[in-house]
Amino acid sequence: MKKRTAFIGFLLFKVFSILFIKSAIAEKYICSAELSSHGRPGEVETKTYKRAGNVFVKTNKYGQGDHSILKETSGFIILTRTYNYPDLFITIIDKKKLNFIESYSSINLEYNTEIPTSGKCYVAQ
């Protein structure tokens, strides 16, 4: 009886391990923000962040771009995108609350984000 219980436990562990690894590899966040704070009331912007190896690919209506993982824990991910000029785009995704916030910083002060974009995400399969 103990062998059978141990085997079932081992089998369940393997199944959950495979499912966890599969979900981690295909990690994808779909995030939306209502843009009233940016002077565009009623407009909603949606973007997708999909893990592709050691980066996340952001896709929105303007196209795609790779975002480096600056820091990741079980609770959050900090993503950055840099350019060939001294600007920085940063995204923070809260994995537990499924919130996100984005901001753009530039050496040219007129391009800096005064009010960050924020909203909700969900994890897609």
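**View 1. The largest nonpolar core brings 13 residues together.** Of these, Tyr29, Cys31, Tyr49, Phe56, Leu79, Ile93 and Phe100 touch the most other members. Two or more core residues come from each of strand 1, strand 5 (76–82), strand 6 (87–94) and strand 7 (99–106). Strand 1 is the top contributor, giving three residues. A general point to keep in mind: nonpolar side chains tend to be buried together in soluble globular proteins. Please remember that this is a predicted model.

View 2. Where does strand 1 find strand 8? Strand 1 (residues 28–34) pairs with strand 8 (residues 117–124) in the antiparallel sense, over five bridges.

**View 3. Here we zoom in on Tyr29, a member of the core.** Its bridge partner in strand 8 is Val123. Which residues does Tyr29 contact, once its neighbours within four places in sequence are left aside? They are Lys47, Thr48, Tyr49, Phe56, Ile77, Ile93, Lys95, Leu98, Tyr122 and Val123. Among these contacts, Tyr49, Phe56 and Ile93 also belong to the core.

**View 4. Strand 6 and strand 7 form a hairpin with four residues between the strands.** In this hairpin, Leu98 takes a positive phi near 55 degrees. The two strands pair in the antiparallel sense over eight bridges. Look for Ile93, which stands opposite Phe100 in strand 7.

**View 5. Strand 7 has a covered face and an uncovered face.** Phe100, Glu102, Tyr104 and Ser106 make up the covered face, while Asn99, Ile101, Ser103 and Ser105 make up the uncovered one. In strand 8, Gly119 stands opposite Phe100.

**View 6. The largest pocket holds about 550 Å³ of space.** How many residues line this pocket, and which lie nearest its centre? The lining has 26 residues, and Glu45, Lys58, Phe89, Glu102 and Tyr104 lie nearest the centre. Strand 2 (44–52), strand 3 (55–60), strand 4 (63–72) and strand 7 each give two or more residues to the lining. Strand 4 gives the most, with four residues.

Note on methods
Residues numbered from 1 in each chain as written. Predicted model: local features only at pLDDT ≥ 70, side-chain atom pairs only at ≥ 80, totals over all residues. Heavy atoms only, no water. Pairing = 2+ DSSP bridges. Core = buried A, V, L, I, M, F, W, Y, C linked by side-chain atoms within 4.5 Å. Buried < 20%, exposed > 50% of the residue type's maximum accessible area, 1.4 Å probe, protein only. Contact = heavy atoms within 4.5 Å. 1 Å grid on protein atoms, 1.4 Å probe; cavity = no way out; pocket = protein on both sides within 12 Å on 5 of 7 lines; lining within 4 Å. Points joined across faces, edges and corners; volume = space filled by probe spheres on them.
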